[in-house]
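Please look through the sequence and the model shown here before reading on.

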Amino acid sequence: MKKSKRASTARDHLEVLQTRVVVERDNVSSISSSDFPFHTSNRYPNHDLAEKSRNKIIVAIEKKSQYDMEFDIIGIDASIANALRRIMIAEVPTMAIEKVFIYDNTSIVQDEVLAHRLGLIPIKADPDEFDFKQSTEHPTDQNTIVFKLKQECKRNPKTSVDEKGPLYINHNVYSIALIWEPKGDQAERFKDVTIGPVHDDILIAQMRPGQKIELEAHCEKGCGKEHAKWSPVATASYRLMPEIILKEEITGDLADKFASCFASGVVEVENKMVDGELKKVAKVVNSRLDTVSREVLRHKEFEGKVQLTRIRDHFIFRVESTGILDSEKIVFDSLQILSSKCTMLLKALDIKLKEKEETETSQNNENAMELDA
Amino acid sequence: MNAPDRFDVFYLPPGSQKMKITPDTKVQNAATFEIFREDHTMGNVIRYKLLQEPQVIFAGYKVPHPLEHNVIIRVQTTNDTKPEAMVAKALNDLITEVGYLRTKFMEDLGRARALVIPREQKSMVEQEPQMVQPTREPVNTSVGGTGGVGVDMDF
């Protein structure tokens, strides 16, 4: 009896090490995945792992609004989760201001600073409708959106110095001042959508009477790898699902203390009948909310009673769009891009293999000819 | 002045090769794959997929220099196969897995979408965009079971 119990705890312990990242008092252990054939602690040494892992993938969308979403992917490796995150940040294309032709700028903001500020303004335009512009190409209606900005600051004639009211007119340049100028067939193509800055109230520059800004800005398609202004996300991140494993029941006043060690909503104290007595018992209700602050590990009274872990293949993604693309589209695009990158590499590999074959056959032919001679 | 072009990060000049395969001169069934204009995104994912194959003895990747935009993957296999074949298999497996992910994502999106208030309706009542919490069956994440996840899904 005693022996079997020990065996089961050992198995439980191994299970935890295989599937969980263990958060300890002053370090994190069991970090790397062991889901590989012939790994020392592998559960299935001779199975088709690819098949196995594929069959347990779960995707669950937890929270969603148009530009913000939180979703879970369960059953994938960290490398794939990280590839998706990296692609969302750096490889999903959008449109952003890339070239600024400044005709007049007498404001205090220097031309280059002004151009940089303009570049960072998110521009609402469907990137799928446009082509990438190579540096050698000329701007066309297929690869460029043109904006004009013209604003001059003046003294407000209706207000004298001692009166209340705005002293100046047009002294704040907001993003709404960027006026889209359709080129070619763009007016026809985008008659149902509005092209322009996502937010109208981004402050670009401030002026004083007599100062003036007049410029033309060209938007081009690009991706975040080249410059962060093309990144479609404000944040795209993932974390591992926290899990609090209770090794034994925590009761009485300790239960309250235990609950206070976690973020609110993680642990609840319940009244339960234990041995005919009504007792307070701590229960983990929602470990997703846990911040994994490790506060509980600082207290002697909980030593050995609790283990903080994170589930190694349960990724909680958070994708927050800048407002150009819907959050779901960003995720979908990233998946699409990942598989198209694979296809592209397969093609490259194929070309290499064919080259190799050709050189080998020609060499063989040469050898054969030499033999004949 | 001598700054490299910004598009160098991803732009492969026309006519140049995407990949270079160098067989190892001393070890049998081993080769290094240099992939140009790729980074950790593909390197790590290919390494992972290679390690899933029992025929792969060694697989590793590195990005040799942060200013050079290429990644080197080294593979050694058993005698049954060739490194090229294993990399091809890894890439094919990856395409399938991402395909599964995409289907799963679309499926769940359909469910989540039904719970989000349509845009027009929202503007009518002039509400701040709300995070809608869709209800769903709780995913069993308890310790136990064969996999890392309590729920097994059938396809």
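## Two sides of a helix

In this predicted model, the face of H6(A) that is turned away from its buried side carries the exposed residues A:Asp253 and A:Ser260. The buried residues of helix H6, which spans residues 253-260 of chain A, are A:Ala255, A:Phe258 and A:Ala259. As a general point, an α-helix has 3.6 residues a turn, so residues three or four places apart point the same way.

What do the buried residues of H6(A) pack against? They pack against strand E16 (267-274) and strand E17 (277-284) of chain A.

## An open sheet

Chain A also holds an open sheet of 4 strands, in the order E5-E14-E7-E11, with antiparallel pairing. Its edge strands are strand E5 (94-105) and strand E11 (179-181) of chain A, each of which pairs on one side only. Neighbouring strands of this sheet are turned by 30 degrees against each other on average, with direction ignored.

Within the sheet, strand E7 (residues 145-152) and strand E14 (residues 212-222) of chain A run antiparallel and are joined by 8 bridges, and A:Lys148 stands opposite A:Glu216 in E14(A). Helix H4 (residues 111-119) of chain A lies across E5 and E14 of chain A, and runs at about 150 degrees to E5(A).

## Chain A as a whole

Taken as a whole, chain A has 7 helices and 18 strands. Its radius of gyration is 31 Å, well over the 21 Å that the globule rule gives for 373 residues, so chain A is more spread out than a compact globule. The C-alpha atoms of chain A fill a box of roughly 100 × 90 × 35 Å, taken along the principal axes.

Buried residues make up 33% of the 373 residues in chain A. Among contacts in chain A between residues at least 6 apart in sequence, 72% join residues at least 24 apart.

For chain B, an unreviewed UniProt entry carries the annotation "domain: DNA-directed RNA polymerase RBP11-like dimerisation", which covers residues 30-102. Over residues 30-102 of chain B, the chain is 44% helix and 30% strand, and the end C-alpha atoms are 33 Å apart.

A:Leu346 is found in helix H7 (residues 327-372) of chain A. Is A:Leu346 buried or partly exposed? With 17 other C-beta atoms within 10 Å, A:Leu346 is partly exposed. Not counting residues up to four places away in sequence, A:Leu346 touches B:Ala88 and B:Leu91.

Key:
Residues are numbered from 1 along each chain as its sequence is written. Chains are lettered from A and ligands numbered from 1 in the order in which they are written. This is a predicted model: local features need pLDDT of at least 70, side-chain atom pairs count only at pLDDT 80 or more; totals for chains, interfaces and linings use all residues. The radius of gyration is taken over C-alpha atoms; the globule rule is 2.2 Å times the number of residues to the power 0.38. A residue is buried if 20 or more other C-beta atoms lie within 10 Å of its own, exposed if 12 or fewer, and partly exposed in between; C-beta atoms are placed from the backbone. Two residues are in contact if their C-beta atoms, placed from the backbone, lie within 7 Å. UniProt positions are given in the numbering used here, feature names are shortened, and annotations may be inferred rather than shown by experiment. Two strands pair if DSSP finds at least two bridges between them. Axes are lines fitted to C-alpha atoms, for helices over the stretch in contact, and angles run from 0 to 180 degrees between N-to-C directions.
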